[in-house]
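Here's a quick briefing on salt bridges, helix packing and the nonpolar core. Have a look at the structure first.

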Amino acid sequence: MATRGSRRAYKEVRLQQLRSFCETARLGSLAAAAGALGVSQPTVWEQVHALEKEFDALLIEPHGRGCRITDMGKLLAELADPLVAGIDSLKKALQARRTAVEARLTVAAPQRI
């Protein structure tokens, strides 16, 4: 039987939060990450802030006209980038495998052959 804590587990860290953080780390600003993801800057900030709360760590800090990734943020980006890239490529990989599975050859021949 599932406990109350295990029901919440799937909600703790969401893909979009990690994607927003990774884009912020890669581009160096919340606004640039928002533009790349097609969302608003406050949305990216909320998602990154949610990760900071989840991991109880400062991941980014203001710096000039953008932001600077903290040491903990660099570590998280290093760990999360391959996960986000893998999930992002999942649809393409599944489609390629589906095409391979669906390819069938039907041969029609008389009974003597």
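Arginine 19 pairs up with aspartate 88 in a salt bridge, with the closest N and O atoms 2.2 Å apart (a salt bridge is a side-chain nitrogen of Lys or Arg within 4 Å of a carboxyl oxygen of Asp or Glu). Arginine 19 sits in helix 2 and aspartate 88 in helix 5, so the pair ties together parts 69 residues apart in sequence. This is a predicted model, where local features need pLDDT of at least 70 and side-chain atom pairs count only at pLDDT 80 or more, while totals for chains, interfaces and linings use all residues. Residues are numbered from 1 along each chain as its sequence is written, and side-chain values use heavy atoms, leaving out hydrogens and water.

**Salt bridges**
- The whole structure has 3 salt bridges.
- Arginine 19 is buried at 17% relative accessible area, whereas aspartate 88 is partly exposed at 43% (buried means under 20% relative accessible area, exposed over 50%, partly exposed in between, with a 1.4 Å probe and protein chains only).
- Arginine 26 and glutamate 23 also form a salt bridge, at 2.8 Å from N to O; both lie in helix 2, 3 residues apart, about one turn of the helix.
- Glutamate 61 meets arginine 68 in a salt bridge at 2.1 Å, N to O.

**Helix packing**
- Helices here are DSSP runs (H or I, at least four residues) and strands are E runs of at least two, numbered from the N terminus.
- Helix 2 (residues 15–27) packs on helix 4 (residues 41–55) at about 105 degrees, axes 8 Å apart (axes are lines fitted to C-alpha atoms, for helices over the stretch in contact, with angles from 0 to 180 degrees between N-to-C directions).
- That makes helix 2 roughly perpendicular to helix 4 (65 to 115 degrees; under 35 is roughly parallel, over 145 roughly antiparallel, the rest oblique).
- Helix 3 (residues 30–37) and helix 4 cross at roughly 110 degrees, their axes coming within 8 Å.

**Nonpolar core**
- The largest nonpolar core has 18 residues, and Phe21, Val44, Val48, Leu51, Leu59 and Ile60 have the most contacts inside it (a core is a set of buried Ala, Val, Leu, Ile, Met, Phe, Trp, Tyr and Cys residues joined through side-chain atoms within 4.5 Å).
- Helix 5 gives the most to this core, with 4 residues.
- Leucine 59 touches residues including Phe21, Val48, Leu51 and Leu76, not counting those up to four places away in sequence (contact means heavy atoms within 4.5 Å).
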